[in-house]
Amino acid sequence: MSIHIGIRDNDASTTDAERNGGLYSPAKEKAANRGVYSSRSPLLLRRVRQLLAAAKVKTLLGLCFLCFFVLATSRLRSFMGWNTHYPSSVSSPSRGGYTILINTWKRNSLLKQSVAHYASCSGTDAIHVVWSEIDPPSETLKAYLKKIVFSKSQTFHKPNFKFDINEEDDLNNRFKPIEELRTDAIFSVDDDVVVPCPTLDFAFTVWQSAPFSMVGFVPRMHWLDKSNGDAYYNYGGWWSVWWMGTYSMVLSKAAFFHRRYLDLYTHKMPSSIHDYVSRERNCEDIAMSLLLANATSAPPIWVKGKIYEIGSSGISSLQGHSKRRNKCLNDFISLYGTMPLVSTNVKAVDARHEWFW
């Protein structure tokens, strides 16, 4: 008689059911293995859902930002009065480029540097120097500047150069009409201000999109003060613009405007303002800003760009300058009978030189 003895292996691969007397089954083993990982499945699934939810939120925010950006840029041109297809002679070959209008006063060394620089800019069609000194420019100075314009110009068409000589010293002289101009664009600049040519050309393209606006590099602002019960306007310099994030003027010491405003300033602006500028020897730039704002009912355009002031100092460094500017602004507004300036917080930036769009 034979006896069969069954020996049960009790190693780690044996299931609890087998240890308790049950028989081995592959199906039972798979079910048991699934049970080990089933406790982790809810945590993993919850994590995946959280990641998907975060991704949806980020995508939604990105789409909202994109829609806002598209809407803002579409409204920007209408708000600023920009028109890239403006049917003006500005874009015609006979009106191409710009005329540099330099205001100078007894600083021949700075004038030489300024003329040499602007002659090298490819968009310069002509350079006019507003001369208001008692003595006319010497023949030596004339010859030197004409030679430097010819040598510095990088284009086949050499810029015209001319002194606009005035019989009396008057700040209104800088805005007298010039009959022989071949361009609509005027870049008004002081003899101690140098704007790099690429920056100047960018500002010119901005002006072409809004040829009846004033486009410049030096913003200023105004605000209404009623603290004393009476309405009084304050003139704000650069630090006010930086702090408040708004502006309503760009100074004519470095700004583009249409040639028509030379005629309007000289022949249409109230003579009382001319007299005021002549008497106070100040504020012709504020008068020009008010003139443009009154004519267009639109703000100017500030172009972000590096400019260099190569002179040591000017009238803005004199004591009491800010108080005189405040007085000019309020006196001019009284003469106009209204406040024509329009504030804005928009500036033109060359995106090619920015880290972020």
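I looked up strand pairing first: strand 2 and strand 3 (residues 160–165) pair in the parallel sense over 6 bridges. I count two strands as paired if DSSP finds at least two bridges between them. Helices (H or I, at least four residues) and strands (E, at least two) are DSSP runs, numbered from the N terminus.

I note that this is a predicted model, in which local features need pLDDT of at least 70, side-chain atom pairs count only at pLDDT 80 or more, and totals for chains, interfaces and linings use all residues. Residues are numbered from 1 along each chain as its sequence is written, and side-chain values use heavy atoms, with hydrogens and water left out.

I looked up histidine 128 and found lysine 162 in strand 3 as its bridge partner. Between strand 2 and strand 3 the chain runs through helix 5 (residues 139–152), a right-handed β-α-β crossover. Right-handed means that, with the strands pointing away from the viewer, the path from the first strand over the helix to the second runs clockwise.

I then checked strand 1 (residues 98–104), which pairs with strand 2 in the parallel sense over 7 bridges. Tyrosine 98 is opposite threonine 124 in strand 2. The chain goes from strand 1 through helix 4 (residues 108–119) to strand 2, and this β-α-β crossover is right-handed.

I checked burial of strand 2 (residues 124–131): 8 of the 8 residues are buried, so the strand is largely enclosed by the rest of the structure. Buried means under 20% relative accessible area, exposed over 50%, partly exposed in between (1.4 Å probe, protein chains only).

Last, I looked up tryptophan 243, which is in helix 7 (residues 238–244). Tryptophan 243 counts as exposed because its relative accessibility is 68%.
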